[in-house]
Amino acid sequence: MTRKDFPPDFIWGTATASYQIEGADSEAGKGPSIWTAFSHAPGKIYQGHTGDLACDHYHRYKEDVSLLASLGANAYRFSISWPRLFPEGRGARNQKGFDFYARLIDVLIANGIQPFITLYHWDLPLELQKSIGGWESRDITAYFGDYAEAVFSSYGDRVKNWITLNEPFCSSHLSYLFGEHAPGKSDLKESFAVAHNLLRSHGEAVRRFRSTIKDGTVGLSNVSQWVEPASDSPEDGEAAKLLNQFFNDWFYVTPLKGEYPVDFSQRLDKIGAMPEIQPEDMELIMEPVDFWGVNYYSRIIAKADPKSEFGYNTVPGDLERTAMGWEIYPKGLQLFLERAYREYGEKPLYITENGMAEDDELEEGSVHDKKRTIYLRDHFDAASKAMNNSVDLKGYFVWSLMDNFEWAHGYSKRFGLIYTDYENNQRRIPKDSYYWFRDFLRR
Ligand code: FCB
């Protein structure tokens, strides 16, 4: 399989996120984010790691873009740090922040690499958390809209593809239910209220996009788990349906139909945890997107469990696992894409993230990441099978360009095509998977 097995205009790239790679966290006028505070709080992140320096991409972006160019990528997905542009989230602009992304965009375009920009990949300005409670407040929607509009009007002349939010599932439930991500709370009701405000804010950004930008596309990138029932029993089938609604449909179907998935909503309702829906909220959430961004890594298996709060549980499968402990299941990508295309409105799809963590070791200047290479080959193959079954897949972004700050795992999990040598001044060392991908793209 080579690039020729995909359409000539297929988008091939890699993905990153601002807090995970940029560093320069308090430099050049940037304000702190909720991740600045969270990573500095004791006990939250593996060995107390922070994103203060990360990959130092803020200073090394030119080198990173040339690595992308040598790879043969024609696109790059990255996110903008809201507090780099607006240190307090609203009000005063930080011109140096705007200039940084303008330089990055220009150097990408000069290298024939199309930018795909995510507006929000989890680094909320800390000041908004402190003053209004961040995503807990309905007021966040207007502020996010203003931020989005400022970004669209600054770069919309050159950037044609936009993603409003990355994985609202994570910025609500990992942050507000499981407590693993900033701001680290555990409250079911609040978590769903946050999800509701994230979806409203997504809709607001789409609205601002339509009024600011005439040519271009906008979408939403979601957690995309392939959910399987543990058995053929009707009970496990029901468990899989509920789990699908929780992980996937909540953020895919709601913007499409303007209604939260029924079965899961009923369960939430019973325990008083449904978010409050005000008139016109759904109209806003339903602002039509041009595409869906699919972030696929693995599958989960659902089993009925009458004793648990929602009537189901997840059970471990027996496939080979990555260093994250996630099962490797390329077929799940094909199945997910086919289901997503069918059930989420037959919209164009992009794989906006896919990749794996491996325990990479630097050996005499090389990294032989064989598992990652096979993982990518098999997932590319799965994507091509979905396309043969009429899924309108337009592009594929590998997570990630380089090893970076993997949230609560700090620097302990490596997802990159490029090894980041944290011990040696963040030196970049392309891994074997990078060369494999380069040859795939060249051949
Ligand atoms: C996704 C996140 C991304 C990265 C990968 C491994 O959920 O969007 O930032 O952490 O997982």
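This note sets out numbered points on a predicted model.

1. Basis of the note. In this predicted model, local features need pLDDT of at least 70 and side-chain atom pairs count only at pLDDT 80 or more, while totals for chains, interfaces and linings use all residues. Residues are numbered from 1 along each chain as its sequence is written, and side-chain values use heavy atoms, with hydrogens and water left out.

2. Ligand shell. Which residues are around the ligand? They are Gln-20, His-121, Trp-122, Asn-166, Glu-167, Tyr-297, Glu-353, Trp-399, Glu-406, Trp-407 and Phe-415, where a residue is taken as near a molecule if one of its heavy atoms lies within 4 Å of it. By class, this shell divides into five nonpolar, three polar and three charged residues. For that division, Ala, Val, Leu, Ile, Met, Phe, Trp, Tyr, Cys and Pro count as nonpolar, Asp, Glu, Lys and Arg as charged, and the others, Gly among them, as polar.

3. A polar side-chain atom of Gln-20 is 2.8 Å from a ligand oxygen atom. For Glu-406, an N or O atom of the side chain lies 2.9 Å from an oxygen atom of the ligand, and for Trp-407 the corresponding distance is 3.0 Å. The ligand exposes 300 Å² when taken alone, and the protein buries 94% of that. These accessible areas come from the Shrake-Rupley method with a 1.4 Å probe; for residues, only the protein chains shown count as cover.

4. The ligand sits in the largest pocket. A pocket is defined on a 1 Å grid over the protein atoms alone, as an open set of points with protein on both sides within 12 Å along at least five of seven lines. A molecule sits in a pocket if more than half of its atoms lie within 2 Å of the pocket's grid points.

5. Cis peptide bonds. Ala-182 and Pro-183 are joined by a cis peptide bond with omega of about 0°. Pro-183 belongs to the loop between helix H8 (168–176) and helix H9 (188–212). Helices (H or I, at least four residues) and strands (E, at least two) are DSSP runs, numbered from the N terminus. A cis bond also runs from Trp-399 to Ser-400, with omega near 10°. Ser-400 is placed in the loop between strand S11 (393–399) and strand S12 (418–421), and Trp-399 is one of the residues around the ligand.

6. Positive phi values. Trp-122, another residue of the ligand shell, has phi near 85°, a positive value in a residue other than glycine. Trp-122 lies in the loop between strand S3 (114–120) and helix H6 (126–132) and counts as buried at 6% relative accessibility. Buried means under 20% relative accessible area, exposed over 50% and partly exposed in between (1.4 Å probe, protein chains only). Ala-54 also has a positive phi, near 45°. The loop between helix H2 (34–40) and helix H3 (57–71) holds Ala-54, which is buried with a relative accessible area of 2%.

7. Two buried arginines. Is Arg-77 buried or exposed? Arg-77, in strand S2 (residues 75–79), is buried, with a relative accessible area of 0%. A polar contact of 3.1 Å joins its side chain to that of Glu-353, and Glu-353 is itself among the residues around the ligand. A polar contact is a pair of N or O atoms within 3.5 Å; within protein, one must be able to donate a hydrogen and the other to accept it, and residues adjacent in sequence count only if both atoms are side-chain atoms. Arg-84 lies in helix H4 (residues 82–85) and is buried at 1% relative accessible area. A polar atom of the Arg-84 side chain is 3.1 Å from the backbone oxygen of Gly-23.

8. Separations in sequence and space. Arg-77 and Gly-365 are 288 residues apart in sequence, with 27 Å between their C-alpha atoms. Leu-284, in helix H12 (residues 281–285), is buried at 8% relative accessibility; its C-alpha atom is 27 Å from that of Arg-158, 126 residues away along the chain. Ile-374 lies in helix H14 (residues 370–388) and is partly exposed at 36% relative accessibility. The C-alpha atoms of Ile-374 and Lys-185, 189 residues apart along the chain, are separated by 37 Å.

Terms used:
1 Å grid on protein atoms, 1.4 Å probe; cavity = no way out; pocket = protein on both sides within 12 Å on 5 of 7 lines; lining within 4 Å.
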